[in-house]
Amino acid sequence: MAYTYTEPASGVFASAVSEVRFLLGDTVPASPFSLTDAQIEYLIAQRSDNRRAAAADAAFKMSNIYTSYSSTTAKSVGNLSLSKSYGDAADRYR
């Protein structure tokens with residue numbers, strides 16, 4: 001699963017994938033459910049290189065990914081408890 005993102009230099013992105021990631025807001029490789037470069041390339045090809053339309057499709061895909069997980073994930077070890085809600089992320093991508 002390749003993930004690449006390069007900041008634009010002088011307002012120009014190094015690749016179409018980086019531009020779609022920027023429009024999508026998927027610029028942190030540590031995100032738990034990021035799309036792969038191959039998935040983004042597929043969306044770009046399906047939209048005849050229209051990067052904004054590909055980003056809209058990617059946002060829809062991301063909302064489906066986050067929705068497919070339980071709305072809240074909780075982990076506990078002893079007295080320590082952590083929880084993460086994915087419902088908010090799904091709503092933002094929608």
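I am working with a predicted model, where local features need pLDDT of at least 70 and side-chain atom pairs count only at pLDDT 80 or more, while totals for chains, interfaces and linings use all residues. Residues are numbered from 1 along each chain as its sequence is written, and side-chain values use heavy atoms, with hydrogens and water left out.

**Helix α1.** I looked up helix α1, residues 16–24, and found that its buried residues are Ala-16, Val-17, Ser-18, Val-20, Arg-21 and Leu-24 (buried means under 20% relative accessible area and exposed over 50%, with a 1.4 Å probe and protein chains only). Helices here are DSSP runs of H or I with at least four residues. After α1 comes Gly-25, with a positive phi near 85 degrees.

**Helix α2.** In α2, I noted Asp-37, Ile-40, Leu-43 and Ile-44 as the buried residues. They lie on the same side of α2, because they cover an arc of only 125 degrees around the axis, the arc being that of the directions from the helix axis to the C-beta atoms. The face turned away from this buried side carries the exposed residues Ala-38, Tyr-42 and Ala-45.

**The contact.** How do the axes of α1 and α2 cross? They come within 10 Å and cross at roughly 90 degrees, so the two helices are roughly perpendicular (a term for angles of 65 to 115 degrees). Contact, meaning heavy atoms within 4.5 Å, is made by Ala-16, Val-17, Val-20 and Arg-21 of α1 and by Asp-37, Ile-40, Glu-41 and Ile-44 of α2.

How values were computed
Axes fitted to C-alpha atoms, helices over the stretch in contact; angles between N-to-C directions. Parallel < 35°, antiparallel > 145°, perpendicular 65-115°, else oblique.
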